[in-house]
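Here is a briefing for a reader new to this structure. Please look over the sequence and the model first, then read on by topic.

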Amino acid sequence: MRDGDDTPRPTADRGRVLVTGATGYIGGRLVPRLLDAGWAVRCLVRSPRKLNDRPWIDHPRVDVVRGDLADDGSDLVSALDGCVAAYYLVHSMVAVGEDYARRDREMAQRFATAAAEAGVGRIVYLGGLGEMGDDLSEHLASRREVEEVLDAGPVPLTVLRAAMIVGSGSASFEILRYLVERLPVMVTPKWVRTECQPISIRNVLGYLVDCLDVEETAGRRLDVGGPDVVSYRRLMEIMAEERGLPRRWVLPLPVLTPKLSSLWIHLVTPIGARLARPLAEGLRNRVVVDDDGAAQRLMPQPLLGVGESIRLALDKMAQREVETSWSNAGPIPGDPDWAGGTVFTDRREQAIDAPPAAVFRAVCRIGGGNGWYAADWLWRLRGWLDRLLGGPGLRRGRRDPERVSYGEALDFWRVTGLDRDRRLALRAEMKVPGEALLEFTLEPLGDGRTKLVQTARFLPKGLLGLLYWYAVLPFHAVVFRGMMNGICREAEKAAEGGEGNSEATDRVQ
């Protein structure tokens, strides 16, 4: 089953709803549940290719339109046309300061105006819990501003305010899991004593779907939370219990600021400092349901406790059934413009005694727990250096050890090109003085053989970029030659075992 309400749903077409943020963590899970509930769904996304591997993309009641809320509203009105409701699931998480809040206000205003012009019947917004006041974090304050902007328009607004969402692949869950798994002794800010009311991703999705059927939720702002109110310290203890780990020692210190906390999260977990900063700032605010449970009265459903929510999320990870992940959200840059500057290239090719499907499967296993076929210690060293410099490092890993999709994170790389059995292109997101691309192309040679071309390109920026290239050049023979040879061995082994057919590569998307 998916991480959502398991109750059977009607299948009749009940009208069309628009979902923004369908490539994100919440939106990517909401779409199939809306389909189960009988709705037709239109996804408004900046990069439609990021949805190509979703199992619901070919559903007859799904259509995808390209659009960006940062642009003018002309295309947005067209996308909203004919929709009875629209989900606003877009917000900035990797920026701080005035531009961050201003951009969110402008996008919300553009959306509210377009929804009114298109005649949309309802806007649904997922906001954040938090007591109003001068101490409200910048991120939560911006969420409230978005609420006000959306509510100022003529289209009725339903706001669901949630605290920490517990689910496989969520940023908050990953921070909690990595901190507990890696640190038997934790020095934390004083916010570790702050109370929160976490909610399972299953319950959040249930409320998001069910609110369309309950007219009383229109024009309402509803707090949503699970049955347990706990401190963040207790959350860590529960995570340790569910992971079967010894007791974790937590030492709160009043001197640790959100900035220092975010840097510590950056070093210990896969979450980068820019994303961790607003999350860390929000932890100082008490986030508890404060409206007498109106959401549960209007839309009753079994609420999962913290322990059960964590257990289910861990089970999904163990079963390799993580639907969406925090690392897949966000814009994907196009291929870099290599013209007009010095481009260093490391190109290797090899004929492999295996069909393209087997070779492509071997290529798509790189990164994460599978490693990089050779000199993994060098990759780990480079990952640690990247973390120290503020980059993502290797700890983002990959969503699934076998499947690859466009826009997905593979350690400190991002998938920017994917043509099954033909091509895989990666762009580096590590801290590096230039732009780096790693590309694999496959050419069938006949008789079950394939030519694999592996190309690493680097466009240096300034003198530092040139020095960087020549500093790492001696390691290329070990890293890139070893990776090519490892892919060759893996592909030929798979071909000998009969794993190189199209059925096996259906797992690679």
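Nine of the 10 residues of helix H1 (residues 27-36) are buried, so this helix is largely enclosed by the rest of the structure. Buried means under 20% relative accessible area, exposed means over 50%, and partly exposed lies in between, using a 1.4 Å probe and protein chains only. Helices (H or I, at least four residues) and strands (E, at least two) are DSSP runs, numbered from the N terminus.

This is a predicted model: local features need pLDDT of at least 70, side-chain atom pairs count only at pLDDT 80 or more, and totals for chains, interfaces and linings use all residues. Residues are numbered from 1 along each chain as its sequence is written, and side-chain values use heavy atoms, with hydrogens and water left out.

**The whole protein**

- The secondary structure comes to 14 helices and 19 strands.
- Buried residues make up 57% of the 509 residues.
- Contact means heavy atoms within 4.5 Å.
- Among contacts between residues at least 6 apart in sequence, 76% join residues at least 24 apart.

- The buried residues of H1 are Gly-27, Gly-28, Arg-29, Leu-30, Val-31, Pro-32, Arg-33, Leu-34 and Leu-35.
- Just after H1, Gly-38 takes a positive phi of about 100°.
- Val-31 belongs to H1. Its relative accessible area is 0%, so Val-31 is buried.
- Leaving aside neighbours within four places in sequence, Val-31 touches Val-19, Ala-22, Val-41, Cys-43 and Trp-56.
- Val-17 lies 14 residues from Val-31 in sequence, and their C-alpha atoms are 9.7 Å apart.

**Where H5 meets H7**

- Helix H5 (residues 171-182) packs against helix H7 (residues 232-243) at an angle of about 70°, with the axes 9 Å apart.
- Axes are lines fitted to C-alpha atoms, for helices over the stretch in contact, and angles run from 0 to 180 degrees between N-to-C directions.
- H5 and H7 are therefore roughly perpendicular to each other. Angles under 35 degrees count as roughly parallel, over 145 as roughly antiparallel, 65 to 115 as roughly perpendicular and the rest as oblique.
- From H5, the contact uses Phe-173, Leu-176, Arg-177, Leu-179, Val-180 and Glu-181. From H7, Leu-235, Met-236, Met-239, Ala-240 and Arg-243 take part.
- By class, this contact has eight nonpolar, no polar and three charged residues. Ala, Val, Leu, Ile, Met, Phe, Trp, Tyr, Cys and Pro count as nonpolar, Asp, Glu, Lys and Arg as charged, and the others, Gly among them, as polar.

**Salt bridges**

- A search of the whole structure finds 32 salt bridges. A salt bridge is a side-chain nitrogen of Lys or Arg within 4 Å of a carboxyl oxygen of Asp or Glu.
- Glu-323 and Arg-33 form one of them, with the closest N and O atoms 2.8 Å apart. This pair links distant parts of the chain, 290 residues apart: Glu-323 sits in the loop between helix H11 (306-318) and strand S14 (344-352), and Arg-33 in helix H1.
- Glu-323 is partly exposed at 22% relative accessible area, whereas Arg-33 is buried at 6%.
- Arg-54 and Asp-53 also meet in a salt bridge, 3.8 Å from N to O. Arg-54 is buried at 11%, and Asp-53 is buried at 12%.
- Arg-449 and Asp-353 are joined at 3.1 Å, N to O. Arg-449 lies in strand S19 (residues 449-460) and Asp-353 in the loop between S14 and helix H12 (356-363), so the pair ties together parts 96 residues apart in sequence.
- Arg-449 is partly exposed at 33%, and Asp-353 is partly exposed at 47%.
- Salt bridges that share partners join Arg-144, Glu-147, Glu-148, Asp-151, Arg-161 and Arg-221 into one network.

**Aromatic pairs**

- Rings of Phe, Tyr and Trp (its six-membered ring) pair if their centres lie within 6.5 Å; planes under 30 degrees apart count as stacked, over 60 as edge-to-face and the rest as tilted.
- By this rule there are nine aromatic pairs.
- The ring centres of Trp-379 and Phe-412 are 6.2 Å apart and the planes are at 35°, so this pair is tilted.
- Trp-379 is buried at 8%, and Phe-412 is buried at 1%.
- Phe-344, Phe-458, Tyr-468, Trp-469 and Tyr-470 form one aromatic cluster.
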